[in-house]
Amino acid sequence: MQTGVLIVGGGLAGILCAYELHRAGVPYLLIEADRICGGVSGRTTAKITAQHGLIYAKLLRRFGAEKASQYYEANEAALAQYRTLCQTIDCDFTEADAYIYSLDRPKKLQKELLALQTLGAAAELVPAPDLPFPTAGAIRFPKQAQFHPLKFVRTIAEGLHIYEHTPLRSFDGVRYQTDSGTITAQKAVIATHFPMFNKHGAYFLKLYQHRSYVLALENAAPVDGMYMDERKDGISLRNYGKLLLLGGGAHRTGKSGGGWAALEAFARKYYPNAQIRYRWAAQDCMTPDDMPYIGQYSPHTPNLFVATGFNKWGMTSSMVAAQLLCDLVQGRENPYEALFSPRRSILRPQVAGNALHAVGNLLTPTVPRCPHMGCALKWNRQEHTWDCPCHGSRFTREGKLPNNPATGDLKNKPPA
């Protein structure tokens, strides 16, 4: 087959990119190795918000007021676009205030609020948020939103040129080889969560993956918005119908962490009469400067583009990526191109830490090994999987691949 733009990856970012190109009349195809939104997009808690943790004070310090303001504006514009689209889509879209709370660090909240005021953001300090445990306060972002992403995609994907069960095996810059045949494309967008090509971009150095867990509680008192702890391993809360969703127990993939056990302990303490109805886990690509990589894949691949590193904020980031990439593949200017460019500096302590971590793991004399770059896999006792602590690939007990950047199953079955 031939097309103008090939989109690789059928998560929310890829689907929205296809939707934007379809509306613009640009020839495209989207291929997905499994089923659309069968990966991370189907396991999100689906908060549509410009409130991304205590990020704006960091952005001001690292990039200055102009870029910090652009980041806020881009995510607010993404929220506005969802609000428009969801007017005609049955996807449980509801407005809700978003809160970032702290258990014991009020000075961090004050510093973040000052940064938000500098940017002109609509946010305010709430001294005592309505939660069943004590806090040092919270920052409230009014009129944010939450929805059901799979119901949203079910409608958005209608009429799009999508090929499921079509994994990409190789490419030479123009021809993209799948199990079913070859696709010739002038340009391509890699929206596979973690970028799959190691030869370009050094994403194996400037990304790592983080795992987090969710419990859905029945008979738990609802909260009056979407809440998130400012700590990386803290608890998030939001309602979905009659269920309360608790998120947390986070840790770097391949490392130990609280997992579902931490959430269960929290539920027993603060919601003793609730029952656990569902549980699941999600995995997110993290960048060293807290901003996604959206744009040209590398300096040496002018016709290859990428969207990755959403830092747990994939709803608004996917919309930002779709609109930005739709412009870039058509050769149009976009005000956010430089802000999210993957070619920006990666001189951050986290990158050095990622490199040292990978080297140490590569020297670990154990099996099984990850087929992505040869790192030693670690057994995840909670989820019964083999996880790669270097780049986040995961494999079932039988060696099947549920999470990339590896592109295939383990060749040798792992030990029991």
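Reader: Which residues does Phe340 touch, not counting residues up to four places away in sequence?

Author: This is a predicted model, in which local features need pLDDT of at least 70 and side-chain atom pairs count only at pLDDT 80 or more, while totals for chains, interfaces and linings use all residues. Residues are numbered from 1 along each chain as its sequence is written, and side-chain values use heavy atoms, with hydrogens and water left out. Contact means heavy atoms within 4.5 Å; by that rule Phe340 touches Tyr71, Ala74, Met291, Pro292, Tyr293, Ile294, Val320 and Leu324.

Reader: Which residues touch the most other members of the largest nonpolar core?

Author: In soluble globular proteins, nonpolar side chains tend to be buried together. A nonpolar core is a set of buried (under 20% relative accessible area, 1.4 Å probe, protein chains only) Ala, Val, Leu, Ile, Met, Phe, Trp, Tyr and Cys residues joined through side-chain atoms within 4.5 Å. Here the largest has 73 residues, and Tyr56, Phe152 and Phe340 touch the most other members. Helix α8 (residues 314-329) gives the most to this core, with 10 residues; helices are DSSP runs of H or I, at least four residues, numbered from the N terminus.

Reader: At what angle do the axes of α1 and α8 cross?

Author: Axes are lines fitted to C-alpha atoms over the stretch in contact, and angles run from 0 to 180 degrees between N-to-C directions. Those of α1 (residues 12-24) and α8 come within 8 Å and cross at roughly 40 degrees. Angles under 35 degrees count as roughly parallel, over 145 as roughly antiparallel, 65 to 115 as roughly perpendicular and the rest as oblique, and α1 and α8 are therefore oblique to each other.

How values were computed:
Buried < 20%, exposed > 50% of the residue type's maximum accessible area, 1.4 Å probe, protein only. Helix = DSSP H or I, 4+ residues; strand = E, 2+ residues; numbered from the N terminus.
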